[in-house]
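Trainee: I've got a chain open and would like to talk through its fold with you. Can we take it piece by piece?

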Amino acid sequence: MQSQELYDEIPSLDLADFTSGDVARKAQFVQQLGSAFNQIGFVAIRNHGLTDELTGRLYDSAQAFFSAPDAVKQQYEHPELNGQRGYIGKGKETAKGFKVADLKEFYHIGQPEPVGDMPANVLPAEYPAFGEAALTAYRTLENAGKQLLRAIALYLELPETYFDDKVQNGDSILRALHYFPLDPDSTPDGAVRAAAHGDINLITLLMGASADGLQVLRRDGKWISITALPDQVVVNVGDMLDRLTNHKLKSTIHQVVNPPREKMNQSRYSIPFFMHPRADMNLTSLDSCIDQQHPKLYVDMTAGEFLDERLRELGLKK
């Protein structure tokens, strides 16, 4: 049994160790990643493939889009897609178990080349730089995510390519988020930028945000703040991977808190990549993660069934 260590900050790892071709470095990366995901569910990763130039271009172009008048943004709102593509306006998403909607607006980009009945992307014609940078970042983060899932597969003593076909043409989403400026006197009671939640997907890769505010709930009930260095992406376990591993790899509750009163009038931008498998992936807990000390926690379901359930809970699907 691993000792249950409490982290004061999230571990920092280098993806180049995994992809280097050096057997010892690769094995060490696998153990460090697995151990962090078993303990706190979060790591910071360097050498993920995003360049400073691309990151800057994406943030600048996202900011330009969110600065547009509501009438322009709302042209790209498609309620029939259940918030899976295009613009999702203010007050549309409420975290599971909360009454008050999160204080944010966001934009969703999916697979650049959709297959089957997957919806095509909705890109804002007035802001071509935004769509272009978002699609490039999508492909880059999807590629990094595939490498991380290979490391996770090895940690779980599965074939290295176990996840490859499951995430091929998966339902992954790049979300450009704008937490808009708040008026301290009129912000609804209990409303925060992103209420405490776990992510739905397999893993999330978060590009460095433009301001502080992200916090992770440690196992002893203490919230710890996460600040990634500019060259890192923060990676965390989502609920689907938690289910598959019977909570061996932990989807950790996290939140984005409101800034101090004197900074409430500033915007915050954040761009997570939610790595999803295809809807047909079976999330039944792996036999190797179930024993007497760890009885099976979850009912069997597919990724599609689980996603559907969660979108209804979030209010994105009626």
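Trainee: In which sense do strand 7 and strand 10 pair?

Mentor: Before that, a word on the source: this is a predicted model, where local features need pLDDT of at least 70 and side-chain atom pairs count only at pLDDT 80 or more, while totals for chains, interfaces and linings use all residues. Residues are numbered from 1 along each chain as its sequence is written, and side-chain values use heavy atoms, with hydrogens and water left out. Strands are DSSP runs of E with at least two residues, helices are runs of H or I with at least four, and both are numbered from the N terminus; two strands pair if DSSP finds at least two bridges between them. Strand 7 (residues 203–207) and strand 10 (residues 233–237) have five bridges, and their sense is antiparallel.

Trainee: Which residue of strand 10 stands opposite Met207?

Mentor: Look across from Met207 to strand 10. The residue standing opposite is Val233.

Trainee: What is the strand order in the open sheet?

Mentor: Eight strands form that sheet, with mixed pairing. The order is 1-2-10-7-12-5-4-3.

Trainee: What angle does the direction of helix 2 make with that of strand 2?

Mentor: Helix 2 (residues 23–39) packs on the sheet and touches strand 1, strand 2 (42–46) and strand 10; contact means heavy atoms within 4.5 Å. Axes are lines fitted to C-alpha atoms, for helices over the stretch in contact, and angles run from 0 to 180 degrees between N-to-C directions. For helix 2 and strand 2 that gives about 145°.

Trainee: Which residues does Lys166 contact, leaving aside its neighbours within four places in sequence?

Mentor: Lys166 lies in helix 6 (residues 164–167). A polar atom of its side chain is 2.9 Å from the backbone oxygen of Tyr162. Beyond those sequence neighbours, Lys166 touches Pro277, Arg278 and Met281.

Key: Polar contact = N/O pair within 3.5 Å; in protein donor to acceptor, adjacent residues only side chain to side chain.
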